[in-house]
Amino acid sequence: MTTPRPLRVAVIGGGPGGLYAAALLKRLDPTRDVTVWERNAPDDTFGFGVVLSDETLGGIEEADPVVHTRLRDEFVRWDAIDIVHRGRTLTSGGHGFSALGRRRLLAVLHERCRELGVRLEFRTEAPSAAELAADHDLVIAADGVHSVTRQTHADVFRPRPATHACRYIWLAADFAFDAFRFDIAETEHGVMQLHGYPYTRSGSGEGATGESTVIVEMHEDVWRSAGFDRCDEQESTERGAKIFADALGGRPLRGNRSQWIAFTTVVNEHWSHGNIVLLGDAAHTAHFSIGSGTKLAVEDALALAACIEEQPDIPAALAAYETERRPVVESTQRAARASLEWFENLGTYVDQAPHQFAFNLLTRSRRITHDNLRLRDRAFTDTVEREVLSGRDGLPAGVPPMFTPFRLGRLNLRNRVVVSPMDMYSALDGTPGDFHLVHLGARALGGAGLVMTEMVCVSPEGRITPGCAGLYEPEHEDAWRRIVGFAHDSSPGVAVGVQLGHSGRKGSTRLMWEGIDQPLTDGNWPLVAASPLPYRPGVNQVPRELDRAGLAAIREQFVQSAHRAARCGFDLLELHCAHGYLLSGFLSPLTNHRTDAYGGDLEGRLRYPLEVFDAVRQVWPADRPMTVRISATDWADGGNGAEEAVEIARAFATHGADAIDVSTGQVVPEERPDYGRSYQTPFADRIRNTVGVPVIAVGAISSWDDVNSLILAGRADLCALARPHLYDPHWTLHAAAEQDYIGPGAPWPQQYRAGSRTPPTGRTDAPKPRLAL
């Protein structure tokens, strides 16, 4: 029998990920022929310190105890984060960090590779990946954020780089910070920030020595205003030291061929091409503010080596590697993007109270939450709650943020939870029936502060499907009055809101479970829209472009439905200007191609939705609030984005909207949403803290911990949840029980009070055996 030939492996790039992959592959099978090409010298490095998590270190320990031991002996460890806000240092503990110098990390990996027999070719340009692939079994492209391999084979990897709005420079200081430090400088040019952490330390007290990474970062507008775009490395270093003199204790900063750069997030559609595979920054990047670059590269190496061991051949191993790593990387990139966008918008937060600002910073990536931070440092979290919440409306200490009241216009909401509008497709000719009574009644009994109807259509032609509810006939009004009355009578204190809308070009389709967005097989009604553009060409019908008479007629339909809603007793009215329905279709440049006064620039595209809003606001009772739901981004090239969302929100707020309900997307079918936990909340955050209008955050908010975090950080005023309320109509009451909260923010219906405690489960406290025979 022929013995299989040992693998020949080529690694392009001698950073931590490439070196560690080489070492692991060689350790797992010493017969393998492994070569690393690095164009720089062994001690060349462009950063200073690197941070690794305990999770990553655990993986290293299991895979190669020798490397783990050598790294462990080098690490600087600390568990505190210092946040300096307007001269005040706020400290949160319990976080746990390990860091060491990047040069030292590389030296440890060089040493290990040599011990194992890996060939290291320094100061040598690697042959192209294609050349190496011809005579190697595996080519690992670990050639960094500017990967030549990735660009050469861009037609296969299909990279999507995105450059962000801040500039930063990587520097060092010759002393060791005591903790991870964030320092904020408010200058005449704008807000600047320092990110600092120690990576070497020896001794203690006044005689201690060490080194720290110092990153100076600011929005590009601030960077240009301050003249940093005209500074060389020395001048940038000197000016940075002066701006952050207090943080540095008057000490200087030093660079290492340091340059101002804008962070680029790299995403690749595919990570492998034949026997060539991307690893680390070549495959993906995540912003340094969550300390993830080296961590991700090392974890890639661990996963790749494991998959090569486990799978029968290289193609299967590369497929398994990508399947395993992609979800982890995408989750990290979502967290990193939330973090970097927080720093891009830092200037909108600096006026927050000190501890709320610090809490906001600590929870910016959504990976640290209210409950998680309470576990790490309860005293800190309690201080934030006292500063932000206690004393408000006589509120006692210890109330979870989600159960604090909120005044929306003249309406007092008992808590911050909203049952989000959810189409049920269960009406008969627009009339809601017993299903709606039970559905909405159950959620009203379930403890939420505000229960919203589904989109209620203002005309038969304005329905999405034949099963959509309406408010354009007397029988509709009677049915809704019955539902609202039940909610108010059975759950005193609950508010019930109606969402009015018109389907526009997305109407005349089947029930969701019969084929979402598919046209009816028969009985279609004609559609109208801002422009004669079908939702999906060749599938959905071409709508008629509304003329002046049509615009006036639909505006009047909204007015008549608002009259009916007021008579039904609804506490709040929301105008649906999102998700590609009629009014949303006017707002987006992708769906509004008009050349009259209702098209063109954003002012023109806003004109009709604002006319409808004004007309409805005029007839809606003054003592009842009115909100607007918008799509804050179209998730598509050429469409509305965050900047336009701010201006749209500002316009509606100026016209009297009491809050903006901030959703995203569903405007065009070719959208590419960046799905993930709480993925839409940064848009609400930006609107709230830029425009100053209350916001309702929505979008994959799935836990009470998320709600508490968003409210306490000041990123949202209310949180709307949809699927969790389908899973559990009593989601809010159960959240109160799980937090041991009893109070007016979550009143149990009298009939249900016997069930207000979490039911016991099977015993887990049985006595353990004391003797073993």
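1. Basis. The model is predicted: local features need pLDDT of at least 70, side-chain atom pairs count only at pLDDT 80 or more, and totals for chains, interfaces and linings use all residues. Residues are numbered from 1 along each chain as its sequence is written, and side-chain values use heavy atoms, with hydrogens and water left out.

2. Barrel. Eight strands form a closed barrel in the order E19-E20-E21-E24-E25-E26-E27-E28, with parallel pairing. From one strand to the next the twist averages 25 degrees. Strands here are DSSP runs of E with at least two residues, and helices are runs of H or I with at least four, numbered from the N terminus. Two strands pair if DSSP finds at least two bridges between them. Axes are lines fitted to C-alpha atoms, for helices over the stretch in contact, and angles run from 0 to 180 degrees between N-to-C directions. Val-662 stands opposite Ala-697 of E27.

3. Antiparallel strands. Strand E10 (residues 162-173) is joined to strand E13 (residues 209-219) by eight bridges, and the two run antiparallel. Trp-170 has Ile-215 in E13 as its bridge partner. E10 also runs antiparallel to E14, with four bridges between them; Tyr-168 stands opposite Ile-261 in E14.

4. Aromatic pairs. There are 25 aromatic pairs in the structure. Rings of Phe, Tyr and Trp (its six-membered ring) pair if their centres lie within 6.5 Å; planes under 30 degrees apart count as stacked, over 60 as edge-to-face and the rest as tilted. The pair of Phe-97 and Phe-180 is tilted, because the planes stand at 55 degrees, with the centres 5.2 Å apart. This pair links distant parts of the chain, from strand E7 (residues 97-101) to strand E11 (residues 180-187), 83 residues apart. Both Phe-97 and Phe-180 are buried, that is, under 20% relative accessible area, where exposed means over 50% and partly exposed lies in between (1.4 Å probe, protein chains only).

5. A second pair. Phe-228 and Trp-260 have ring centres 4.9 Å apart and planes at 50 degrees, so this pair is tilted. Phe-228 lies in the loop between helix H8 (220-225) and helix H9 (233-243), and Trp-260 in the loop between helix H10 (245-248) and strand E14 (261-265), 32 residues apart. Phe-228 is buried at 1% relative accessibility, and Trp-260 is buried at 11%.

6. One aromatic cluster includes Trp-78, Phe-97, Phe-180, Trp-342 and Phe-357. Phe-357 is also one of the buried residues of H13. Eight of the nine residues of this helix (residues 354-362) are buried, so helix H13 is largely enclosed by the rest of the structure.

7. Charges over rings. A charge sits over a ring if NZ of Lys or CZ of Arg is within 6 Å of the ring centre and within 35 degrees of the ring normal. Arg-251 has its charged end over the ring of Phe-175, 4.0 Å from the centre. For Lys-506 the ring is that of Tyr-581, with 4.9 Å to the centre.

8. Cysteines. A disulfide is a pair of cysteine sulfur atoms within 2.5 Å, and the count is zero. Cys-568 has its nearest cysteine sulfur, that of Cys-457, 15 Å away. Cys-568 is buried at 5% relative accessibility, and Cys-719 is buried at 0%.
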